[in-house]
Amino acid sequence: MFKLFSTGFWEVIARLILRNKIGILICIVLATIFFSYQWKHMRFTYTEANLLPDDHDVNITYNEFLDIFGEEGNLIVLGVKDSTLFTVEKLNAWNQLSEDLKSYDEVETVVSIKDLQKLIKNTKAEKFDLEPFIKDSITSIEQIDILQQELFKQYPFYDNFLFNKKTKTIRTAIYLKKDIVNTSARKDFVMLSLEDKINDFETNYNLDVRVSGMPYIRTLNAQNIVDEIGLFIGLALGVTSLIFFLFFRSFRATFISLIVVCIGVMWTFGILGLLKYEITVLTALIPPLIIVIGIPNCIFLINKYQHEVKLHGNKVKSLQRVITKIGNATLMTNVTTASGFATFILTESTLLKEFGIVASLSILAIFILCLLVIPIMYTFLPYPQERHLEHLNKRWIGGFVDWIERMVKYKKITIYLTSLILLVASIIGIYQIKISGSLIEDMPKDTAFFKDIKFFESEFNGIMPLEIMIDTKRKKGVMKLSTLKRMNELEELIIETPELSKPISVVSLVKYSKQAYYNGNPKYYQLPTSQENSFILSYAKNSSSNVDMLKNFVDSTGQYARITTFMKDIGTDKMERIEENLQNKIDKVFPEDRFEVTMTGKALVFQKGTKYLVRNLVISLSLAIFLISLFMAYMFRSFRMILVSLVPNLLPLLITAGLMGFLNVPIKPSTILVFSIAFGISVDDTIHFLAKYRQELQANHWKIRKSVYAALRETGVSMFYTSIVLFFGFIVFTTSSFGGTKALGALVSATLLFAMLSNLLLLPSLLLSLERNIANKEVLKEPSINIIPQDSEDIEVIEEVENLEENTIS
């Protein structure tokens, strides 16, 4: 029943396509116009990828912090390390640059050397006053000497905030308005206003200005993603079409394939717009992926058409057979590929869900386009010329297939031994794989903004914020001396940790207040004693200046405090050790019944997200294997065949994982995708081979060896063609400036190459070695779906289509 339905179904489809070609082409044009109209809804991401589910504890904690203290990633820093800055002209110009930046609507405030204030004791009014270090402009080198003396030696409160007293590096802090940090206004300010202002300053004063901070990094990183979309699409089209042409030696076939995949890319962008998804570092990969995956579909269909034309010379009959004989095969292979991507939908990460939805829908869309456009376009074209069919008889391809056949015939032990050695080596390599939760590791290393990140790491111990929020569980609990002492104890551990910068909190402000109370003597930069506390607090309460400085460190109720530190770009292992050390200190210093202390910040959220994705990798890959096994079970009705077919597809994944361990390629969000993508694509070769093998068994009266070799010869060429296209198609991604995208391209390419050899060498060898247990009529039952139907002369269909063709022409 299934067999009749399957064969009949594809004959109906063939009839519908070839009879209604004008109507179908009009529908495709209208659909393309509709999807193109959706492009206006496409948005580029303005935030880092949040890899965690919205309801994850880490995200909840981070959002609670934002509710209390606001957006923490709104700081852009400018830095200069140059002794010539400390001249009258250049230092005044540096201060004027900061003043100019204050005038922009996107800027909340700017803090430069000129904005720094001394906290001065006013004994008469019993309060603290603020007095600027620089009252107007600098007029002499003596003023600069005094300024350096005060800043670098007398006021530790500001050390490591706007200057590094050891290297005399100066920086300016620009705080953007929190409501524009995650909008396009941030991009306009950074890419236009800020860049132009800094370039002019560098040109006029011959100073190298370093720029960093999360808003700046996000903006330039997002722009790189946008720039690379066009690059990848162009390269993918160029490389795959060139390989296609070299195989087929036909401009006509190449042009048709390019039309199909270009429409597929347009539909992909349309799906992104229709679903109103942001273009992220992952979804940006989908359009070139569709090109790489679509070209093999074109190869299968056009190769079959040319083969049929050469066989009997009847064009309409050839096109009808292309649809009926290849339709099921391409449907199943595209469904399995889409399944590899679709497993990401079942994760709870929004980023991966969106990637899985768009990728799987786009793969099914490119299948439909190939099945409709290619046969229809060939109905309007003349017969292929003899030179277009020459590739079917290429000797070097025949030589490759002969080598494969000899290996399977005479070198099975060598194949098994090699596979075993690779398996053992891969397992050793897997144990060496590391996990990376770095926010900046994948960023382009040769860009100026990445070098600036490293500059600020060197001078100020990093730019990625790590926040510690202290809930005292009572109003005004932060300013109690006992709380401040506990915070100070925790800060001492942060100062001792070389990967973290000097912390900023209310503790520093209270220490500064004591120093001011003792007339600015730096040796009193410390927490007050209980006796001193009442005097100093009375001064602080009378000072509006202290209240203004306090609001960044303590919430309005006085219940919550924050300790802000910045961290270097460190590995996940180091990060976890630091987090563990801090947590142990927190548990020791802050009793649970009186305090609730949480760690958060962009860096920590990203690191936790990576760990979460690694756990989901196992789930998504397992689901991909399970789903594809179900397809195989439904197609071949044999549990043993499923087991045999999985072996040559799992081995390449293990080899790739082992290579990652040996080559120090860490598991991270980008490389996590490799396994599900590669498995979904590589299993296509297995389906084609086993489908042809089963057909040969029936044709050869269950003569196993003859059937294996016949299937090998029939499918070997197509498997080679498609694998080469996929290999070079994914190699395109190695041109990326993003480390993760580069690794993704190289690893998927390697996996697919291993998968091709595994399916051509290991799979046939297993079938031959296990022939008694697998290939008999009881085990290998009648399939539910005839992937490659037996040749049948459906005269009624062909005659009807031929009559229609004649009527259309006339």
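L417, L420, I421, V424, I428, L659, F662 and L663 make a nonpolar surface patch of about 740 Å². The model is a predicted one, in which local features need pLDDT of at least 70 and side-chain atom pairs count only at pLDDT 80 or more, while totals for chains, interfaces and linings use all residues. Residues are numbered from 1 along each chain as its sequence is written, and side-chain values use heavy atoms, with hydrogens and water left out.

A patch here is built from residues with over 30% relative accessible area and no salt bridge, with nonpolar side chains (Val, Leu, Ile, Met, Phe, Trp, Tyr) joined within 5 Å and like charges within 9 Å; areas come from the Shrake-Rupley method with a 1.4 Å probe, and only the protein chains shown count as cover for residues. Helix α13 (412-430) gives the largest share of the patch, five residues, and both α13 and α21 (639-662) supply at least two. Helices are DSSP runs of H or I with at least four residues, strands are runs of E with at least two, and both are numbered from the N terminus. L417 sits in α13 and is partly exposed at 48% relative accessibility; buried means under 20%, exposed over 50%, and partly exposed in between (1.4 Å probe, protein chains only).

Twelve salt bridges turn up in the whole structure, each a side-chain nitrogen of Lys or Arg within 4 Å of a carboxyl oxygen of Asp or Glu. In one of them, the side chains of E459 and K81 meet at 3.0 Å, N to O. E459 is in α14 and K81 in the loop between β2 and α4 (88-101), so this pair ties together parts 378 residues apart in sequence. E459 is buried at 6% relative accessible area, whereas K81 is partly exposed at 46%.
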